Amino acid sequence: MNALLKLILLCSLSLNGYFIWQLFPPEKPVILEADAPTPKVKKSAVLPAHFQQAVVLFSNHLFDKAVAEYTQLLTNDPHYAKQLKQAWQQQLESWLSHKNFTLSELFLTAFLNSHPYDVSMLEFDAKRLIAQGDTQQGIINLLALSNQLDSNKKQQLSKQIDELSTSFIGELIAAQQWQVLHSSSQHWLDYAPGNAHYLYANALANYHLEDYVASQITLDQLPENHEFKQQAEQLRQLIQQALAGVDVIKLTARGSHYLITGIINDDVETELMIDTGASFTVINQTLLNSLNTLPNYLGTLQVNTANGVIEAQRYQLESFQIGQQRISNFEVLVIENHAGYGLLGMNFLENFKFNINQQVNELELTKNNF
């Protein structure tokens, strides 16, 4: 038994020595601050007890106790505290690069509980959030942090924040995640109320959420000289059209015809060719089979086509949408062996006053008041 205890003690001492060696390798003796009375610490110098304890506790992931030792070291030996903190930050970099978020979060939580205003650790915590995919909160934390910095450091951090938020806003717009964009931009504006990018993103989200008045009010808050003037002016026009009951949808020209994007059951997008001579909207069998919810089958219908009278199957979709105009329980036809694009027929268009603006390739829809 005594032999076993001696072996355990020897291993513990070896482990402690290894971690201390990692922090201060023999070929790089510790250099004291310039105004210290002794310029260098000899290799044989005894490290402070709090330093040694912090190393051991940290290596065993006892972060609360390790930070407590660091706090004592910060009071008694600030130079060693600085060296210890730098070593911890290197370990954080390694953890984040290897996506070890559990240890990163545990350590940062312990450290910030004792030192809540430590700028470098707050920045690490924001990096952790962003690396974990919580970009919204990460940017919020960086914005809050920037308000604590002097002008030079704030300018450096602002560049990083702008890059992150620009990328995140672009992703949300591409995915049409308007509610997330609205929530994110609103939170960011709490910390940067005059930021033109956040204001424009918030106005755009409000528009797509059909809160046109809020969108207009947000646009009016844009600073006089900003980089989104063209986009803001286009958005103002869309708001005015929406308030007047006009929905404007971009078209794609195909010869003498136009293609438009429709959304089935709030889920599946499809390109349809506008055909004002068709009584019904037509989709193909492949598209029908791809729907997550099988539409209600309504039977068959004889229809006239360029190839004569044929039989089509009738289905009722949960919903069909063009632009912002959505119709529930919408009926479509499925024609066997129908190839190419589907058709947008009059059973949708007759619900609106519509105009195809061929100069700018747009469909203007105004809801009928009946």
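Predicted model: local features only at pLDDT ≥ 70, side-chain atom pairs only at ≥ 80, totals over all residues.
Residues are numbered from 1 along each chain as its sequence is written, and side-chain values use heavy atoms, with hydrogens and water left out.

Back to Ile217, which sits in helix H11, residues 212-220. Helices (H or I, at least four residues) and strands (E, at least two) are DSSP runs, numbered from the N terminus. Together with Val213 and Leu243, Ile217 makes a nonpolar patch on the surface, with about 280 Å² of accessible area in total. Patches take residues with over 30% relative accessible area and no salt bridge, joining like charges within 9 Å and nonpolar side chains (Val, Leu, Ile, Met, Phe, Trp, Tyr) within 5 Å. The areas are Shrake-Rupley values with a 1.4 Å probe, and for residues only the protein chains shown count as cover.

Now, salt bridges. With a side-chain nitrogen of Lys or Arg within 4 Å of a carboxyl oxygen of Asp or Glu as the rule, the count is 7. In one of them, Arg236 pairs with Asp220, and the closest N and O atoms are 3.0 Å apart. Arg236 lies in helix H12 and Asp220 in helix H11, so this pair ties together parts that are 16 residues apart in sequence. Arg236 is partly exposed, at 24% relative accessible area, while Asp220 is exposed, at 52%.

Next comes Glu362 with Lys250, where the closest N and O atoms are 3.6 Å apart. Here strand E11 (residues 362-367) holds Glu362 and strand E1 holds Lys250, so the pair ties together parts 112 residues apart in sequence. Is Glu362 buried or exposed? Glu362 is buried, with a relative accessible area of 19%, whereas Lys250 is exposed at 57%.

Asp266 and Arg326 also form a salt bridge, at 2.9 Å from N to O. Asp266 is in the loop between E3 and strand E4 (268-274) and Arg326 is in strand E8 (residues 325-334), so parts 60 residues apart in sequence are tied together. There is a network too, linking Glu105, Asp125 and Arg128 by salt bridges.

On to the largest pocket, which holds about 960 Å³ of space. On a 1 Å grid over the protein atoms alone, a pocket is an open set of points where a 1.4 Å probe fits, with protein on both sides within 12 Å along at least five of seven lines; lining residues have an atom within 4 Å of a point. Points are joined across faces, edges and corners, and the volume is the space filled by probe spheres set on them. Which residues lie nearest its centre? They are Tyr207, His208, Leu238, Val248 and Gln324, out of 24 lining residues. H12 gives the most to this lining, with 6 residues.

Finally, helix H2 spans residues 49-59, with Phe51, Ala54, Val55, Val56, Leu57, Phe58 and Ser59 buried. Just after H2, His61 has a positive phi of about 65 degrees.

Technical notes
Buried < 20%, exposed > 50% of the residue type's maximum accessible area, 1.4 Å probe, protein only.
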